[in-house]
Amino acid sequence: MTRRIPEAALAAILTAAVWAAPARAEENDYPTDARADYVFGCMAANGQTREALEKCSCSLDAMAAILPYDKYVQASTILSMRQGIGQRTTAFKSTKMFDDRVADLRRAQAEAEIRCYRGAT
């Protein structure tokens, strides 16, 4: 005998699936252009090979799973500002809050390297 799922239960399952979809999207909130920039830059530094493409893509996915996009942008901006000279850059070089943001990015990068480069055979 075949069991039928009651319509109310089916509706509840579909509703739950619809509500779950946006949660998955938030886990990986890096926009496509930012992903492409990262992978292109990574490949420029690691070779223009298929293997580099796979490792660079893996690296970005691992980083995105750890660090939300807004924090990635903040840390990247801080690092960019630290490259300059003069009074404006001093605050970016000597403020603990900025050091913490960059440290979060560095930890995410290290974890991504372990997952995608050192773990690969």
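The dialogue below asks how some terms apply to this predicted model.

Tutor: In this predicted model, local features need pLDDT of at least 70 and side-chain atom pairs count only at pLDDT 80 or more, while totals for chains, interfaces and linings use all residues. Residues are numbered from 1 along each chain as its sequence is written, and side-chain values use heavy atoms, with hydrogens and water left out.

Student: Why is Tyr30 called buried?

Tutor: Buried means under 20% relative accessible area, exposed means over 50%, and partly exposed lies in between, with a 1.4 Å probe and protein chains only. Tyr30 has a relative accessible area of 5%, so Tyr30 is buried.

Student: How many aromatic pairs does a search of the whole structure find?

Tutor: The search finds three aromatic pairs, and one of them is formed by Tyr30 and Tyr69.

Student: Why is the pair of Tyr30 and Tyr69 called edge-to-face?

Tutor: Rings of Phe, Tyr and Trp (its six-membered ring) pair if their centres lie within 6.5 Å, and planes under 30 degrees apart count as stacked, over 60 as edge-to-face and the rest as tilted. Tyr30 and Tyr69 are 5.2 Å apart centre to centre with 65° between the planes, so the two rings pair and the pair is edge-to-face.

Student: Which residues form one aromatic cluster with Tyr30?

Tutor: Tyr30, Tyr69 and Tyr72 form one aromatic cluster.
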